Amino acid sequence: VQSAASSFEASMDVKPHVQGYSVEWKGEGPFAIKVSLAPAYGSYRKAINLLSVQDEDARPCYFGALEEQRTRFMDQQPAGVKATMRLLKWWRGQREWSSHCMRPSDLLLELLVVYSSLREHQQQSRPSNQAAAVQAVMELMAGFNTLQVVWPERCRCYWQADIPQTLLQQRPLLMDPVNPFVNVADPSAFDPKEMMDFACSQNFF
């Protein structure tokens, strides 16, 4: 990854930042470009099968191979869901977070919005407006410690058997719908206390 970053830096004005197995460039304002590096595979199923036999510590270097499915998953979301995602990211940007592990990631916010929309659809009680949609996600945030999300088969890319049983025992649990080896709410990587406190304040704006 470092070698790739050096090659990119030689042809760009902005110095790249290496983060795990990806290279990111941050320009002026909120815009950034992120490139995830991973071996190429013939299919999504081949990538999942290979990931299943890797040590847990080695798996992240292959995660970039699943980005096509992640992009497709997000592209398929309705316009209203995408609008709610943008509002939640704006909300995050209006608050001060004490550390990186306290700040919710883009993926975590996006999946909370998708899950909230899916839950409302199942209950046949879609939000009446954008404010109601945001409020529904804030309620999920406020009770984040008890969250337990395993995506239904029609919403995820993998099989139920692909998910490690140890992962299903974690709490809170917010499964990645593309990667069966990732709990986006993994308590070892994300501390939800500040997010929960902000959500409980009911002060969106």
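Which residues of H4 are buried? In this predicted model, the buried residues of H4 are Val81, Ala83, Thr84, Met85, Leu88, Trp91 and Arg92. The elements that cover these buried residues include H3, H5, H6 and H8. Helix H4 itself spans residues 79-93. Its 15 residues reach 21 Å from the first C-alpha to the last, close to the 21 Å expected at 1.5 Å a residue. An α-helix has 3.6 residues a turn, so residues three or four places apart point the same way. Among the buried residues of H4 are Val81, Met85 and Leu88.

Of the contacts in the chain with a separation of 6 or more, 56% are accounted for by residues 24 or more positions apart.

The packing of H4 against H5 was examined next. The axes of H4 and H5 come within 9 Å and cross at roughly 135°. The two helices are therefore oblique to each other, and their crossing is right-handed. On the H4 side, the contact is made by Val81, Thr84, Met85, Leu88, Lys89 and Arg92. These residues meet Asp106, Leu109, Glu110, Val113, Val114 and Ser117 in H5. Sorted by class, the contact of H4 with H5 has six nonpolar, two polar and four charged residues. Several of the H4 residues named here also belong to the buried set, including Val81, Thr84, Met85, Leu88 and Arg92.

Helix H5 (residues 106-122) also packs with helix H3 (residues 67-75), at an angle of about 45° and with the axes 12 Å apart. That angle makes H3 oblique to H5. H3 passes H5 in a left-handed crossing, whereas the crossing of H4 and H5 is right-handed. Arg70, Phe73 and Met74 are the residues of H3 that meet H5, where their partners are Leu107, Glu110, Leu111 and Val114. By class, five residues of the contact of H3 with H5 are nonpolar, none is polar and two are charged. Glu110 and Val114 of H5 take part in the contact with H3 and also in the contact with H4.

A further helix pair is formed by H6 (residues 130-142) and H8 (residues 193-200), whose axes come within 8 Å and cross at roughly 135°. H6 and H8 are therefore oblique to each other, and H6 passes H8 in a left-handed crossing. H6 contributes Met138, Met141 and Ala142 to the contact, while H8 contributes Met195, Met196, Phe198, Ala199 and Cys200. The residues of the contact of H6 with H8 divide into eight nonpolar, no polar and no charged. In H8, the buried residues are Glu194, Met195, Met196 and Ala199. The cover over the buried residues of H8 includes H4, H5 and H6.

The loop between H4 and H5 was then considered. Tryptophan 97 is found in this loop. Its relative accessibility is 15%, and tryptophan 97 therefore counts as buried, the cut-off being under 20%. When residues up to four places away in sequence are left out, tryptophan 97 touches Trp91, Arg92, Met102, Arg103, Pro104, Glu194, Met195 and Phe198. Tryptophan 97 and methionine 195 are 98 residues apart in sequence, but their C-alpha atoms are 8.7 Å apart in space.

Serine 99 has its place in the loop between H4 and H5 as well. At 29% relative accessibility, serine 99 counts as partly exposed, whereas tryptophan 97 counts as buried. Serine 99 and glutamate 194 lie 95 residues apart in sequence and 9.8 Å apart in space, C-alpha to C-alpha.

One further local feature concerns the backbone. Most peptide bonds are trans. A cis peptide bond, however, joins arginine 171 and proline 172, with omega at about -5°. Proline 172 is found in the loop between helix H7 (165-168) and strand S5 (173-174).

Notes:
Residues numbered from 1 in each chain as written. Predicted model: local features only at pLDDT ≥ 70, side-chain atom pairs only at ≥ 80, totals over all residues. Heavy atoms only, no water. Axes fitted to C-alpha atoms, helices over the stretch in contact; angles between N-to-C directions. Helix = DSSP H or I, 4+ residues; strand = E, 2+ residues; numbered from the N terminus. Parallel < 35°, antiparallel > 145°, perpendicular 65-115°, else oblique. Left-handed = near helix turned anticlockwise from the far one by under 90°. Contact = heavy atoms within 4.5 Å. Nonpolar A, V, L, I, M, F, W, Y, C, P; charged D, E, K, R; others polar. Expected span 1.5 Å × (residues − 1). Buried < 20%, exposed > 50% of the residue type's maximum accessible area, 1.4 Å probe, protein only.
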